[in-house]
Amino acid sequence: MDCDAFFASVEKRDNPELADKPVIIGGGKRGVVSTACYVARIRGVRSAMPMFQALKLCPDAVVIKPRMSAYVEVSRAVRDMMLALTPEIEPLSLDEAFLDLSGTEKLHGAPPAVMLAGLVKRMKDELGITGSIGLSHNKFLAKVASDLDKPRGFSVIGKAETAEFLRDKPVQLIWGIGPAAQTTLNKAGIRTFADLLRWERTDLSARFGSMGDRLWHLARGEDKRRVSAHSPMKSISNETTFFDDTSDLKVLDGHLWRLTEKVSSRAKAKSLAGRVVTLKLKRANHATLTRQVSLRDATQIADKIYRHARDLLNAVGDQGPYRLLGCGLSDLVPDTQAEMTADLLDPDAGKRAKAERATDAIRKKFGDKVIVKGRALR
């Protein structure tokens, strides 16, 4: 199940005045598009497109900065609806997941297609958002099917029709085949699944390595990967691209705090904490600087993430100006393993953490903007 233009759909749901307007979720002319509603997509706007290019294509678009806390809340509600169908759910992102409905027909008294139709109806009726369904006998084909008829799509690829369905389709249909891989395949005369079928497995492996073996199986509609409900998230990160390159430490500091708050919010929403804090900087010439620090105890507290990230920023020194700043948390563990010992070098850390938890509770009740730190205004 793949939600349709998820971030934009939530914004339109929360502000009905946007219903018929082109909406782009992103920020700043130097940033990129996170997602765009289908009105904007008709004009050519696509995810990951530079904002300046998107606004040339769609100058009347309403541009909205992402509200991750709102999207996480809706994502959780969708996840709860999925759990009513099966415990075997493998999230791909906030708005997309694989569900394994094998053996659930007797339990629910209805086949998977009927249950999935009920899922998207509940999403629309109770949450005000729509989704597209892809139903098939493996993950590869289910993903392909979910993209066939968006938005509000419902496509089924049965086992018997798999070979006929794939034969004349372009290999770009394969998830993960981007422009570079497509160019490589084109040079080998591979443009469609029919082209792939003409290759021996050993030849594909010799030419393309492990990808060649994968292509041989996918050309025949074979994918033995199971839906894994316990695939661990490896990292949580957030970054921003500036409108103008900057070396101003106060400006960088304000952005760094806002990024760490977003990282912290996502970690808290997923009940995770991390032992490694990462700082990412991109210079005007696109050269990237990455710095990391390992913590004694895992954390999900924004204050602690920020303080370590700020130390990393100070250590980098004046190597700007910078066009991008990012912050991340990795080596993730359940939040029950967080903050196990007191910080003897910072005895006030515990008090600040309690204050942050209290702030989280107030924001959850009254909105994200009800309490704002001074550094967030820079």
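Helices (H or I, at least four residues) and strands (E, at least two) are DSSP runs, numbered from the N terminus. The model is predicted, and local features need pLDDT of at least 70, side-chain atom pairs count only at pLDDT 80 or more, and totals for chains, interfaces and linings use all residues. Residues are numbered from 1 along each chain as its sequence is written, and side-chain values use heavy atoms, with hydrogens and water left out.

S271 lies in the loop between α13 and β10 (272-283). Its phi is about 55 degrees, a positive value, although S271 is not a glycine. S271 has a relative accessible area of 37% and is therefore partly exposed, where buried means under 20% relative accessible area, exposed over 50%, and partly exposed in between (1.4 Å probe, protein chains only). A5, in the loop between β1 (2-3) and α1, also is not a glycine and has a positive phi of about 45 degrees. A5 counts as buried because its relative accessibility is 6%.

Helix α1 (residues 6-14) and helix α4 (residues 68-83) have axes that come within 10 Å and cross at roughly 95 degrees. Helix α1 is therefore roughly perpendicular to α4. Axes are lines fitted to C-alpha atoms, for helices over the stretch in contact, and angles run from 0 to 180 degrees between N-to-C directions; those under 35 degrees count as roughly parallel, over 145 as roughly antiparallel, 65 to 115 as roughly perpendicular and the rest as oblique. On the α1 side the contact (heavy atoms within 4.5 Å) is made by F6, F7, V10, E11 and R13, and on the α4 side by M68, Y71, V74 and S75. These residues divide into six nonpolar, one polar and two charged. In this scheme Ala, Val, Leu, Ile, Met, Phe, Trp, Tyr, Cys and Pro count as nonpolar, Asp, Glu, Lys and Arg as charged, and the others, Gly among them, as polar.

The aromatic residues of this contact are also linked to one another, as ring pairs join F6, F7 and Y71 into a cluster. Rings of Phe, Tyr and Trp (its six-membered ring) pair if their centres lie within 6.5 Å; planes under 30 degrees apart count as stacked, over 60 as edge-to-face and the rest as tilted. The count by this rule is six aromatic pairs. The pair of F6 and F7 is tilted, with 5.9 Å centre to centre and 55 degrees between the planes. F6 and F7 are both buried.

Charges over rings were found at R41, which lies over the face of Y38 at 4.5 Å from the ring centre, and at R201, which lies over the face of W216 at 5.1 Å from the ring centre. The rule requires NZ of Lys or CZ of Arg within 6 Å of the ring centre and within 35 degrees of the ring normal.

K143 belongs to helix α7 (residues 139-146). With 11% relative accessibility, K143 counts as buried. Apart from neighbours within four places in sequence, K143 is in contact with E96, F98 and W175. In the loop between α7 and β8 (154-157) lies P151, and the peptide bond from K150 to P151 is cis, with omega near -5 degrees.

S247 occupies the loop between β9 (235-246) and α13 (249-269). Its relative accessible area is 35%, so S247 is partly exposed. Neighbours within four places in sequence aside, S247 is in contact with L252, D318, G320 and P321. S247 and G320 are 73 residues apart in sequence, and their C-alpha atoms are 5.2 Å apart in space.
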